[in-house]
Structures are given as C-alpha cells and as structure tokens.
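Let's explore a protein together, one question at a time. Take a look at the sequence and the structure first, and then we will work through some details.

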Amino acid sequence: MAELIDGKAVANSLDEKTKAQVDEMVAAGMQRPGLAVILVGDDGASQVYVRRKIKACQKVGVTSIERRLPADTSQEDLLAIVHEMNADPAIHGILCQVPLPDHIDTRLVLRSISPDKDVDGFHPVNVGRLSTGTGGIVPCTPLGVMILLQSVIDDFKGKDAVVIGKSNIVGKPVANLLLDAECTVTVTHIYTANLSEICRKADIIVAAAGAPQLVKGSWVKDGAVIIDVGITRVMGDDGKEKLLGDVAFDECQHAKAITPVPGGVGPMTIACLLANTVQAAKALQAGNGAANDYADAPDRSMFK
Ligand code: NAD
C-alpha cells in the first residue's frame, strides 16, 4: 500500500508554526499580520472560499480585513481600494478573490497589488523572482505541493519529475520549484504526446490538469510519489456531488506515497496563504518587501 500523504495533518502542523510565528511577532512588539480579502459580487463559490480564508485567519491569529463590494463596482473604484490597501501599514497581504465581474480587467487589478503584499504570488515581480530563484512570494498551491513532497522525500536532487498541466497558477510555478530543488522536470499539457510513457519514468508526478482519473495505475512506476492537485466536481451514482482527482487513486497503491482527493493538496492552499501573509508582514516590518528581500522571502532551503 502506498503511504497516504495526509494534507490535513500537514496543513495543521503548518498552521501551528504560523500561529507560533504570529505570537512571537506580537510578543516582540511587532504588528499583528493583517490579510485583506476583497470580494466583488456574489459568486457562490467565491463566498465560500472567502469565508474559509477568514476563518483560517482567526485560527492562526492573523487579522482579517474583509471588503465586500457590489458586482457593479467600477474598475476605477476597485483599483482605488487596492491602492489604499497597498499604502495601509496594518495590511500585509492583499487577496482579490477571482473571478471578477466581466467589466473588470482581472490582470490589471492583480498587477495593481503591491508585489510585497501579493500573498497569492501572482504578480509578475513574484513570478520573475520564482523563475530566477531569487526569493519572492511563492503561490499558495504550488508551495503546498512542495511541502507535501518534502514530507516524504529527503533528497530531491536528480529526481525525475513530471508536472501535468502548465497553468500560471499551478503547473508552471510547481515546475520552477521542482527545478529549484534540482529535479529534472518535464512539463506536460493537453497536447503532450505519449503522456503515459513520460509518467512511467517519473519519480515524482504532480497532476494538475483538471482531468478526472487521467493518471492510471499503469502510468506509475513502483515507488513513485504522486501529488494530485486536480479537483473536479461530479455527480455520484447516489445523486450526491463528489470530488474527483486527476489520479486513479485505487490503481496507484504501488506508489511510494500519494495524496487523496479531497484531503491532500486542498487543505494546504489556505495554510500556505497564511504562512505567506506572516512572511510578508515580517518582511514589510523589517523594512523590506517580501518580494524584494531575498533573505526574508519564504525559506526555500526546506525543499532541498
Ligand atoms: P487550467 O485549466 O488553467 O490548466 C490545466 C492544464 O492542464 C493545462 O495546461 C492543460 O493543457 C492541461 N491538461 C488538461 N487536460 C489534460 C490532459 N487530458 N492531459 C494532459 N494535460 C491536460 O487549470 P489549473 O487552474 O491549473 O487547475 C488544475 C486543476 O487543479 C483543476 O482541477 C483545479 O480545480 C485544481 N486546483 C486545485 C487547487 C487546490 O487547492 N487543491 C488549487 C488550484 C487548482
């Protein structure tokens, strides 16, 4: 049987570390880290995500600042709010929940967030830092993937890693982090030929395609480590909605270790958001933005 990588347990232990850091900061007379969450409109899924993020802030002692705006908020007004938050010393992380309404240019809004407070790690400055291995804020889900891998792999050097999916929010940053950890990385996507053969050679498979049960047991070599990022909602035979990952979990028990869906990568994303917020708060209060100060950027040595 493959070892089950328990995302909930790893996320809980990261939360404990984050809370300890917050307590230490406050005890040292520093400001309590503050995370601003902007929600425009009344998209149901976004409301659920925002609620979860606010609740998670409470758990680790991060102050949450929630700004709910009507769906017809103008782009100009939204940008003005972001600029205000960029200048607010009590706010160390800014998260603008996507999707934004159609009349708003999402890229423009995300780029208007100060890179030092961009706790999602989507700003081009942070993307550039990540791809040049010079610190910056690492996007939450990819950071979570690396921490889960680190929980079962001691030495990444020279491992063959395959990343399925090349999106800016998951596939590409995961590939960069694996490269940083000295893996040999193959990034694959919907047009990749012979995906099964490529996977069969891999020591590490990170599946982030959103293609349910894509990775079959026969694609996985004995002893590989599998991280399943994919989440697809489907209707079960019992008429109840269920979540499917990108990996045929039951067929992959000859792997060394594997994440379940749900309960694998999912819980890590919010835990990493909070860890990023604390990191940003420390760097900002030390007078260095998290995006610019390599020394205070999230510690990447943990991946090596
Ligand atoms: P995306 O749609 O932006 O990108 C999907 C990528 O997968 C593309 O590069 C595409 O070419 C590739 N792909 C799609 N089908 C494929 C196939 N059959 N074979 C090979 N490659 C294929 O998606 P995304 O935003 O990167 O998200 C990917 C998955 O991860 C989704 O299921 C999403 O719900 C999930 N996700 C989970 C979390 C989490 O917290 N657990 C966070 C983000 C995304």
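Predicted model: local features only at pLDDT ≥ 70, side-chain atom pairs only at ≥ 80, totals over all residues.

Q: Which residue has a backbone N or O atom that lies 3.0 Å from an oxygen atom of the ligand?
A: There are 21 residues around the ligand, and those that come nearest include Ser167, Ile190, Ile231 and Thr269. For the distance of 3.0 Å to an oxygen atom of the ligand, the backbone N or O atom belongs to isoleucine 190.

Q: What is the distance between an oxygen atom of the ligand and a polar backbone atom of valine 229?
A: Here we look at the backbone of valine 229 and pick out a polar atom.

Q: Are helices α2 and α9 parallel, perpendicular or oblique to each other?
A: Helix α2 covers residues 44-60 and helix α9 covers residues 265-285, with their axes 10 Å apart. They pack at an angle of about 55°. That angle is why α2 counts, relative to α9, as oblique.

Q: How many charged residues are in the contact of α2 with α9?
A: On the α2 side, the contact has Arg52, Lys53, Ala56, Cys57 and Val60, and these meet Ile270, Leu273 and Leu274 in α9. Sorting these residues gives 6 nonpolar and no polar, while the number of charged residues is 2.

Q: Is the crossing of α6 and α7 left-handed or right-handed?
A: Helix α6 spans residues 140-150, and its axis comes within 9 Å of the axis of α7. The two axes cross at roughly 40°, and α6 and α7 are therefore oblique to each other. As for the hand of this crossing, it is right-handed.

Q: How many nonpolar residues make up the contact of α6 with α7?
A: From α6 come Pro142, Leu143, Val145, Met146 and Leu149, and from α7 come Pro173, Val174, Leu177 and Leu178. No polar and no charged residues are found in this contact, and the nonpolar count is 9.

Q: What is omega for the cis peptide bond that joins valine 98 and proline 99?
A: Proline 99 has its place in the loop between β4 (93-96) and α4 (106-112). The bond that joins valine 98 to proline 99 is cis, with omega about 5°.

Q: Which residue has a positive phi although it is not a glycine?
A: Look in the loop between α7 (171-180) and β6 (184-188). The residue there with a phi of about 75° is glutamate 182.

Terms used
Residues numbered from 1 in each chain as written. Heavy atoms only, no water. Axes fitted to C-alpha atoms, helices over the stretch in contact; angles between N-to-C directions. Helix = DSSP H or I, 4+ residues; strand = E, 2+ residues; numbered from the N terminus. Parallel < 35°, antiparallel > 145°, perpendicular 65-115°, else oblique. Contact = heavy atoms within 4.5 Å. Nonpolar A, V, L, I, M, F, W, Y, C, P; charged D, E, K, R; others polar. Near = heavy atom within 4 Å. Polar contact = N/O pair within 3.5 Å; in protein donor to acceptor, adjacent residues only side chain to side chain. Left-handed = near helix turned anticlockwise from the far one by under 90°.
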